[in-house]
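Here are my notes for a colleague who is meeting this structure for the first time. Please keep the sequence and the model open while reading the numbered points.

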Amino acid sequence: MNKYIIQGGHPLSGVVTVSGAKNAAVAILPAALLINGTCRIENVPDISDVRLLLEILDSMGAKIRRLSPNTLELCCTNVRDSEASDALVRRIRASYYFIGAQLGRFGHARVALPGGCNFGARPIDQHIKGFEAIGAAVDLKDGFVCAAAPADGLTGGRVNLDVVSVGATMNIMIGAVLANGTTVIENAAKEPHIVDLANFLSAMGAKISGAGTDVIKIRGVRSLHGGSYSIIPDQIEAGTFMAAAAACGGSVLVKNVIPRHLECITAKLREMSVEVTEFDDAVLVRREGRLTKTNIKTLPYPGFPTDMQPQMTTALCLAEGTSIITEGIWGSRYRYTEELSRMGANIHVDGAIAVVEGVKELNGAPVRAHDLRAGAAMVIAGLAAKGVTEVEQVQNIERGYETLVEKFVALGADMY
Ligand code: EPU
């Protein structure tokens, strides 16, 4: 079924275990193309974006064994020097990591340009700037990115990113690990998944330092070897359950998290009168009285993540007072607010700013999941609202959340 039906208005209570990080997995899997040997990857989220990347790797000749729902064995040693299927590549934004991976592995890449998305243009000029800095010639032709290393291979270079870009930082890292010499990325992104990709590559023999700071150094090595790696927990999935507990009330223990990665979400929830208790690898989120207003501005990590903006804005629809949201990464990531308005929310959007006047309750309505995080926000709205909400286009949600319905049902939600 392509939709979720939610009977809202119940508090959530119980325990939920967070899956592996989507935005780490979608970089690590293409990066595995660089490895000579078999790698075992644990805590891989079983989501449709991951299944699609595995299909692309499979079509290129990779050997993939699923040892359990979240553990894979992957061997790309005998992968053919072939292009990834255009039709598959165009279905997933993160396929841009195949540019860095093919360039590093084969010395050239030709990858269909991933299209825009439901929250505006998604340029890749900074990825290209990085590939050029390590010696590649890059061309955009007929909807493809074509990159080629010089005859004597890629060489280390220095790139200062004009904007802090998660994708460019990871893609340049992937392209540079097998280059001759040292590559330096300045003004690098610092998200937890950047560190996770660097740790994965390092476990396979790469020499990377500084990941998690704004200067990353990659000393090229001749080859990468197989090994084992476990992907970090998903910061945004954890935050989504935290925001849901805030919006619906109740008490939810969110397990398998790294509380440090959640600090700015935790801080905002506390400002909203939610009680958050941190443990070593879990957070307990409790909300009894009414939520209170706060202001949020999304920024690159360690700032407040844009991928939590729709979920928190949804919770703030039910807070006492007026909240102001400023979107600092994707200026037009507010399309979902039209759906919330139909559920009774009072939101006014002007460019990158949304002004939310809290209301006492939301009412169920048919709504659409315009994109992944907007979809998560619709589920939260439906769970918190009175009456029945039908969320359509849930394939957008299943791109990035593993067994979301089952996890909410285990917390007492009435949905299917
Ligand atoms: N930008 C450029 N040029 C570039 C690259 C980015 O101008 O070459 C700009 C973008 O337009 C944007 C800003 O830089 O304004 C940041 O973009 P970034 O490159 O960091 O985003 P991304 O790598 O395309 C990843 C996540 C997104 C998440 C952003 C920001 C993946 C596959 N996607 O996208 O995740 O919103 O970082 O944290 O990792 C999601 O999971 O729902 C999602 C959209």
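1. Setting aside neighbours within four places in sequence, F200 is in contact (heavy atoms within 4.5 Å) with I28, A31, A32, I35, C39, I41 and Y229. This is a predicted model, in which local features need pLDDT of at least 70 and side-chain atom pairs count only at pLDDT 80 or more, while totals for chains, interfaces and linings use all residues. Residues are numbered from 1 along each chain as its sequence is written, and side-chain values use heavy atoms, with hydrogens and water left out.

2. F200 and L201 touch the most other members of the largest nonpolar core, which has 82 residues. Such a core is a set of buried Ala, Val, Leu, Ile, Met, Phe, Trp, Tyr and Cys residues joined through side-chain atoms within 4.5 Å, where buried means under 20% relative accessible area (1.4 Å probe, protein chains only). Helix 1 (residues 22–31; helices are DSSP runs of H or I, at least four residues) gives this core its largest share, seven residues. A second, separate core of 72 residues includes Y4, V276, F304 and A377.

3. Turning to the ligand, its oxygen atoms lie 2.9 Å from an N or O atom in the side chain of Y96, 2.7 Å from a backbone N or O atom of Q126 and 2.8 Å from a backbone N or O atom of I329. The protein covers 89% of the 830 Å² of accessible area (Shrake-Rupley method, 1.4 Å probe) that the ligand has on its own.

Notes
Buried means under 20% relative accessible area, exposed over 50%, partly exposed in between (1.4 Å probe, protein chains only). Helices (H or I, at least four residues) and strands (E, at least two) are DSSP runs, numbered from the N terminus. A polar contact is a pair of N or O atoms within 3.5 Å; within protein, one must be able to donate a hydrogen and the other to accept it, and residues adjacent in sequence count only if both atoms are side-chain atoms.
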